[in-house]
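I opened the notebook to log what I looked up in this entry.

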Amino acid sequence: MRKLVFGLILAFAVSALYPATAQADSADDESSFVTKINELRASKGLPSLQVNANLVAKARAWSAGMAAAGKIWHSTLSDGVTADWKKLGENVGMGGSVDGLHKAFVASPHHYDNLVDPAFGQVGIGIVMSGTTMFVTEVFMQLMPAKTAPIVTLPTTPITLPQLTTTTTAKPPAPKPTAPKPAVAAVKPAAAPTTTTTTAPPVAAPPVEPAATPVAAAPVDASRAPSPLLVSVLERLRTFDS
């Protein structure tokens with residue numbers, strides 16, 4: 001941001017226009033300048049200037065240099081200013097009194113602009129006496145706006161907490177014990193025996209003579225012996241039967 005500096009010199013002899021008055025302590029004179037400036041600003045509806053110690057130190061040092069040289073001129077306004085400033089202004093003058101110098105500043109349009117600039121909020125007055133001559137420096141400052149951290153808005157997701165519901169449920173009656181079923185051992189069925197049946201091929205029977213038809217033996221007379229022929233026939237039949 002651009003910084004502005006303004007310096008105005010009250011280059012004429014104020015003491016020639018306004019008679020000198022009794023000199024007071026320099027610190028009191030500095031306070032008197034501040035009071036008069038703030039009274040002027042209040043009459044214009046402007047806020048009062050706050051005394052800045054850094055500006056006071058700069059103004060006193062510069063007034064001392066002017067008093068030593070016996071003349072007035074402007075400083076480099078940014079020199080010695082440690083605050084983060086945006087705009088600076090300066091009035092310098094020499095004269096015989098606070099009242100005389102302040103009236104001369106108000107009467108000069110450009111000096112007056114510094115006194116009533118609404119941008120300024122800080123001031124420092126420095127007075128150094130050289131004999132009966134007062135050398136004054138008025139330094140005005142507007143501070144740089146305070147830097148604020150950016151506000152980061154995090155997306156918020158509404159969280160709904162589950163409601164806790166307490167429910168009392170009657171316990172079901174305990175089941176009646178059932179008689180245990182007799183354990184039945186599974187009977188594994190006996191494996192069916194593997195039977196191998198072998199059928200012998202039919203064997204051709206040897207040719208035989210057909211069996212003789214049994215003949216009932218004739219009743220034998222116990223008193224008679226069998227004949228040899230009968231015995232032979234019976235033997236053959238017995239052989240076939242066996």
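**Entry 1: overall layout.** I began with the elements and found six helices and five strands in the chain. Reading from the N terminus, I noted the order β-α-α-β-α-β-α-α-β-β-α. The model is predicted, so I keep in mind that local features need pLDDT of at least 70.

I then looked up the totals. The chain has 242 residues, and 28% of them count as buried. Its accessible surface comes to about 17,600 Å². Carbon and sulfur atoms supply 62% of that surface. For contacts, I took those with a separation of 6 or more; residues 24 or more positions apart account for 75% of them.

**Entry 2: salt bridges.** How many salt bridges does the structure hold? I found three. I went through them one by one.

I started with Glu30 and Arg60, whose side chains meet at 2.7 Å, N to O. This pair links distant parts of the chain, 30 residues apart. Glu30 sits in helix H2, residues 26-43, and Arg60 in helix H3, residues 53-69. Is Glu30 buried or exposed? It counts as buried, because its relative accessibility is 7% and the cut-off for buried is under 20%. Arg60 is partly exposed, at 39%.

Next I took Asp99 and Lys36. Their side chains form a salt bridge of 2.8 Å, N to O. Asp99 belongs to helix H4, residues 98-107, and Lys36 to helix H2, so the bridge ties together parts 63 residues apart in sequence. I looked up the exposure of both partners. Asp99 is partly exposed, with a relative accessible area of 39%. Lys36 is also partly exposed, with 25%.

Then I turned to Asp117 and Lys87, which meet at 2.5 Å, N to O. Where do the two partners lie? I placed Asp117 in the loop between helix H5 (109-115) and strand E4 (122-130), and Lys87 in strand E3, residues 85-95. The pair therefore ties together parts that are 30 residues apart in sequence. Asp117 counts as buried at 13% relative accessibility. Lys87 counts as buried at 12%.

**Entry 3: H2 against H4.** The Asp99 and Lys36 bridge joins H4 and H2, so I looked up how these helices pack. Their axes are 10 Å apart, at an angle of about 35°. The crossing is right-handed.

Which residues meet here? On the H2 side I listed Asp29, Ser32, Phe33, Lys36, Ile37 and Leu40. On the H4 side I listed Val98, Asp99, Leu101, His102, Phe105 and Val106. I sorted the residues of this contact by type: seven are nonpolar, two polar and three charged. Both partners of the salt bridge, Asp99 and Lys36, are among the residues of the contact.

**Entry 4: Ser78.** Ser78 is found between H3 and E3. Is Ser78 buried or partly exposed? I logged partly exposed, at 34% relative accessibility.

What does Ser78 touch? Leaving out residues up to four places away in sequence, I found Trp85 and Leu88. I also checked Lys58, which is 20 residues from Ser78 along the chain. The C-alpha atoms of Ser78 and Lys58 are separated by 9.9 Å.

Key: Residues are numbered from 1 along each chain as its sequence is written. This is a predicted model: local features need pLDDT of at least 70, side-chain atom pairs count only at pLDDT 80 or more; totals for chains, interfaces and linings use all residues. Side-chain values use heavy atoms; hydrogens and water are left out. A salt bridge is a side-chain nitrogen of Lys or Arg within 4 Å of a carboxyl oxygen of Asp or Glu. Helices (H or I, at least four residues) and strands (E, at least two) are DSSP runs, numbered from the N terminus. Buried means under 20% relative accessible area, exposed over 50%, partly exposed in between (1.4 Å probe, protein chains only). Contact means heavy atoms within 4.5 Å. Accessible areas come from the Shrake-Rupley method with a 1.4 Å probe; for residues, only the protein chains shown count as cover. Axes are lines fitted to C-alpha atoms, for helices over the stretch in contact, and angles run from 0 to 180 degrees between N-to-C directions. A crossing is left-handed if the near helix is turned anticlockwise from the far one by less than a right angle, and right-handed if clockwise. Ala, Val, Leu, Ile, Met, Phe, Trp, Tyr, Cys and Pro count as nonpolar, Asp, Glu, Lys and Arg as charged, and the others, Gly among them, as polar.
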